[in-house]
Amino acid sequence: LQNADEPVAARKLASQFGVSRQVIVQDMAVIRAATPGILSTTRGYVIQQDSSCVREFKVRHESDQTAEEMNLIVDCGGRISHRVYGRVSAEMDIRSRQDVNEFITALNNSNSSALSNATSGYHYHLVEAASEERLDLIEEQLKKAGLLAPLQPWEQNTKQEGNEE
């Protein structure tokens, strides 16, 4: 994982080590519990990079604007690492338009819908970028596109407390 330029799928690891995918998934669960920073994404396992800056954005949009929102973030140099709905979080690892296309295709081909349908379109993205300036640009573009949702007073207090840790 440390030498990989992209997420490594469990099936690829299984083939490489001559075991079943299920063995890899079980072993990776044990390894992840003992090793902070290893993420399981929809495209495979990755090691989280510590060199980037991270910011949480509260957004709201209709389901047909999901690709627009994600493309805006990756076009500005961001990586969407998590989508958060209250206490429910889903790892995403979306870094490019191709990743956005694959996510939208998988969502459209499934029998489920985005969790944001249950939250009137409101959700949060944990976004990583190379600098605070990139995150500022992403925030500016989300606002310009009408996708950035205002934080409620109780959310601002929670966010400030979280930044102090």
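**Figure 1. The right-handed crossing of helices α3 and α5 in a predicted model.** Helices α3 and α5 form a crossing that is right-handed, in a structure that is a predicted model and not an experimental one. The contact draws on Glu-69, Leu-72 and Ile-73 from α3, and on Ile-138, Gln-141 and Leu-142 from α5. Sorted by class, the residues of this contact comprise 4 nonpolar, 1 polar and 1 charged. Helix α3 spans residues 66-75 and helix α5 spans residues 132-144, and the two pack at an angle of about 150 degrees with their axes 9 Å apart. Because angles over 145 degrees count as roughly antiparallel, α3 is roughly antiparallel to α5.

**Figure 2. The largest nonpolar core and the elements that supply it.** This core, the largest of the nonpolar cores, has 19 residues, and those with the most contacts inside it are Phe-57, Ile-94, Leu-135, Ile-138 and Leu-142. At least two residues of the core come from each of β3 (53-60), α3, β5 (88-94), α4 (97-108), β6 (122-129) and α5. Helix α3 gives the most to the core, with 4 residues. Apart from this core lies another, of 8 residues, which includes Ala-10, Leu-13, Met-28 and Tyr-45. In soluble globular proteins, nonpolar side chains tend to be buried together.

**Figure 3. The surroundings of Ile-94.** When residues up to four places away in sequence are not counted, Ile-94 touches Met-70, Val-74, Gly-78, Arg-79 and Ile-80, and also Asp-99, Val-100 and Phe-103. Ile-94 is also one of the residues with the most contacts inside the largest nonpolar core.

**Figure 4. The contact between helices α1 and α2.** The axes of helix α1 (residues 10-17) and helix α2 (residues 21-34) come within 8 Å and cross at roughly 110 degrees. Since angles of 65 to 115 degrees count as roughly perpendicular, α1 is roughly perpendicular to α2. On the α1 side the contact involves Ala-10, Arg-11, Leu-13, Ala-14 and Phe-17, which meet Arg-21, Ile-24 and Val-25 in α2. By class, the residues of this contact divide into 6 nonpolar and 2 charged, with no polar residue.

**Figure 5. The backbone at Asp-93.** Asp-93, which lies in strand β5, has a positive phi of about 55 degrees although it is not a glycine. Most residues other than glycine have a negative phi. Asp-93 has a relative accessibility of 2% and therefore counts as buried, the cut-off being under 20%.

Note on methods: Residues are numbered from 1 along each chain as its sequence is written. This is a predicted model: local features need pLDDT of at least 70, side-chain atom pairs count only at pLDDT 80 or more; totals for chains, interfaces and linings use all residues. Side-chain values use heavy atoms; hydrogens and water are left out. Axes are lines fitted to C-alpha atoms, for helices over the stretch in contact, and angles run from 0 to 180 degrees between N-to-C directions. Angles under 35 degrees count as roughly parallel, over 145 as roughly antiparallel, 65 to 115 as roughly perpendicular and the rest as oblique. A crossing is left-handed if the near helix is turned anticlockwise from the far one by less than a right angle, and right-handed if clockwise. Contact means heavy atoms within 4.5 Å. Ala, Val, Leu, Ile, Met, Phe, Trp, Tyr, Cys and Pro count as nonpolar, Asp, Glu, Lys and Arg as charged, and the others, Gly among them, as polar. A nonpolar core is a set of buried Ala, Val, Leu, Ile, Met, Phe, Trp, Tyr and Cys residues joined through side-chain atoms within 4.5 Å. Buried means under 20% relative accessible area, exposed over 50%, partly exposed in between (1.4 Å probe, protein chains only).
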